[in-house]
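Dear colleague,

Please find below the structure that I am handing over to you. My notes on what was found in it follow.

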Amino acid sequence: MTAPILVTGGTGTLGSLLVPRLREAGREVRVLTRHARPASDGTEYVACDLLQGDGLDEAVAGAETVVHLAGGPKGDEIATRNLAEAAKRAGARHLVYVSVTGVEGVPIAWLRSKLASEQAVADSGVPWTTLRPAQFHSLVLGIAQKMAKSPVVPAPGALRFQPVDERDVADRLAELALGAPAGLVPDLAGPTDYTLPELLRSYLAAAGKRRPMLPVPMAGKIGRAYREGLNLAREGAARGTRTWESYLADHVAARTPAKA
Ligand SMILES: NC(=O)c1ccc[n+]([C@@H]2O[C@H](COP(=O)([O-])OP(=O)(O)OC[C@H]3O[C@@H](n4cnc5c(N)ncnc54)[C@H](OP(=O)(O)O)[C@@H]3O)[C@@H](O)[C@H]2O)c1
């Protein structure tokens, strides 16, 4: 019998797509979550808050491969350091980390924390692989839905994105987790680049809504980084195959006009 693969964040958007792929490849999976639950479909759940570390050694014990997807708005570098140290103590042979495109270029706190997490993985002493995917379709859809609540939608025209389908990210991650440690691999972006207004317009059209858009400038160091495209994937990036348009078609129902 092969050792289980530990997946932190296995209950999240990406994790819940990755876990079945690893199961289909015949692997036992152990999911680390803050909320204990009974095992199901060959997947075991172990309770641990990565920011606290209680139960972490037990969670990592016996796992040769650790895939780290858990993340939140704050403290990612602490959670990652705790996990990386535990993986080293347990003798894990492969630590896989999911970062994000633009992590080196855009000076915002969350990206700094992702970069520090990448470093903690690289310094862990456990052979590692790090993938930087672009923003997931589900995240971009959530942003578009929130922005469309405003009667006039502020849209910085210089802001570009390369949204990628989380199923494409899960496919790639499964391949990486089942393979040998590979260091920092090429980024993974979606098939097409868009400006933010283009993404918003396509969302509004799919939802059958009309909103005027207000072009807004992006100021400061962060604005400059976005204008220069430093949030985008590095050269040589792989491209997913599932498009933003097909995601919209599957996830957004157009509002039928009210009957007169
Ligand atoms: N969303 C995007 O567009 C995007 C783009 C590029 C990279 N990424 C990266 O991809 C990874 C997965 O993202 P996602 O969107 O799938 O995340 P998500 O849906 O927000 O799920 C977050 C996961 O993290 C776990 N978690 C949060 N805090 C934790 C803690 N202190 N201890 C243990 N577990 C904790 C949660 O588990 P429980 O609630 O069960 O405890 C949950 O499974 C993250 O590292 C994210 O930075 C995301």
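A residue is called exposed when its relative accessible area is over 50%, and buried when that area is under 20%. Please note that this is a predicted model.

The protein has nine helices and 13 strands. Buried residues account for 46% of the 260 residues.

Side chains of opposite charge can pair when their charged atoms come close. Twelve salt bridges were found in the whole structure. In one of them, R132 meets E104 at 3.2 Å, N to O. The two residues sit in distant parts of the chain, 28 residues apart. E104 is exposed, because its relative accessible area is 57%, whereas R132, at 3%, is buried.

Another salt bridge joins R242 and D168 at 2.5 Å, N to O. R242 lies in the loop between strand 13 and helix 9, and D168 lies in helix 6. D168 is buried, with a relative accessible area of 8%, while R242 is partly exposed at 26%. Both residues belong to a network of salt bridges that also links R21 and D171.

Finally, R112, K221, R224 and R227 form a positive surface patch. Helix 8, residues 220-227, gives the most to this patch, with three residues. R227 lies in that helix and is partly exposed, its relative accessible area being 41%.

Yours sincerely

Methods: Residues are numbered from 1 along each chain as its sequence is written. This is a predicted model: local features need pLDDT of at least 70, side-chain atom pairs count only at pLDDT 80 or more; totals for chains, interfaces and linings use all residues. Side-chain values use heavy atoms; hydrogens and water are left out. Patches are made of residues with over 30% relative accessible area and no salt bridge: like charges are joined within 9 Å, nonpolar side chains (Val, Leu, Ile, Met, Phe, Trp, Tyr) within 5 Å. Accessible areas come from the Shrake-Rupley method with a 1.4 Å probe; for residues, only the protein chains shown count as cover. A salt bridge is a side-chain nitrogen of Lys or Arg within 4 Å of a carboxyl oxygen of Asp or Glu. Lys and Arg count as positive and Asp and Glu as negative; His and the chain ends are not counted. The place of a charge is taken as NZ of Lys, CZ of Arg, CG of Asp or CD of Glu. Helices (H or I, at least four residues) and strands (E, at least two) are DSSP runs, numbered from the N terminus. Buried means under 20% relative accessible area, exposed over 50%, partly exposed in between (1.4 Å probe, protein chains only).
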